[in-house]
Amino acid sequence: MKIILLKIDDNVLWDDVKKYKYLLTEARVKKCERYIGDKNKVMSMFTELLIRKEAVKGQELCLEYNEYGKPYLGKNSLDNQINEIAKYFSVSHSNQYIAYVESSEEIGIDIEYMKPIKQNIVDRFFTENECMSIRNSNNQLEEIYRVWTRKEAYLKKIGTGFNKDSFKIDIINKSKEEHMISEKIDKYMLSVCSSMPIEKIEKIVYNKDEICKFYEEIYI
């Protein structure tokens with residue numbers, strides 16, 4: 001399974017990249033403008049630029065959303081493509097990384113920067129079985145984020161996102177294991193949950209300049 005990672009350095013300024021706003025959907029432009037601070041604006045912009053590059057090869061992007069806000073490729077995006085493309089995708093971002101995956105079936109991805117987390121957060125959002133897995137781990141911080149990202153990826157796959165009932169789902173479940181994979185990347189934990197079994201992942205890493213060059217070659 002191919003995973004696309006985009007790394008955005010912290011020193012990227014909004015003024016340096018806002019010229020690419022014309023490539024964004026109207027909803028994304030409004031979202032960027034609501035953010036305070038360059039980091040959130042830049043990450044939001046490049047999240048959609050990455051979706052557009054990978055999902056529809058840089059062509060016009062049309063997104064639709066389910067009742068929980070999960071994005072899908074809209075009918076216009078699908079109809080306008082000559083080449084076969086995957087209808088389902090998932091995207092996540094944390095700190096410097098944006099992660100993207102696509103599939104012919106429902107799929108979910110989550111990436112998280114592994115900073116220390118308070119025990120009361122673990123107790124609130126994890127099941128007793130999940131907490132036991134953390135307590136028995138040789139590296140509790142990594143296990144916290146392995147469980148957390150798998151839970152997020154699973155909830156993204158089924159399309160609900162976090163809600164009051166989702167915390168009850170036990171991700172330490174053998175029936176789910178073959179459909180999930182996790183990998184530590186630097187100080188991040190990445191997990192994918194697929195409708196199909198996953199044996200391994202292949203990572204492709206881009207930087208900001210590569211994404212900008214891709215669009216400049218098409219539109220400028």
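I count two strands as paired if DSSP finds at least two bridges between them. Strands (E, at least two residues) and helices (H or I, at least four) are DSSP runs, numbered from the N terminus. This is a predicted model, where local features need pLDDT of at least 70 and side-chain atom pairs count only at pLDDT 80 or more, while totals for chains, interfaces and linings use all residues. Residues are numbered from 1 along each chain as its sequence is written, and side-chain values use heavy atoms, with hydrogens and water left out.

Sheet. I looked up E7 and strand E8 (residues 188–194), which pair in the antiparallel sense over 6 bridges. Met180 has Cys193 in E8 as its bridge partner. The open sheet has 3 strands in the order E6-E8-E7, with antiparallel pairing. Strand E6 (107–113) and strand E7 (180–185) are at the edges with a single partner strand each, so one side of each has no neighbour in the sheet.

Rings. I found 7 aromatic pairs (ring centres of Phe, Tyr or Trp, for Trp the six-membered ring, within 6.5 Å; planes under 30 degrees apart are stacked, over 60 edge-to-face, the rest tilted). Phe126 and Trp148 have ring centres 5.7 Å apart and planes at 50°, so I noted the pair as tilted. Phe126 lies in the loop between helix H5 (119–125) and helix H6 (128–135) and Trp148 in helix H7, so the pair ties together parts 22 residues apart in sequence. I also noted Phe214 and Tyr215, an edge-to-face pair at 5.0 Å centre to centre with 85° between the planes. Tyr97, Tyr113 and Tyr188 are linked into a cluster by ring pairs.
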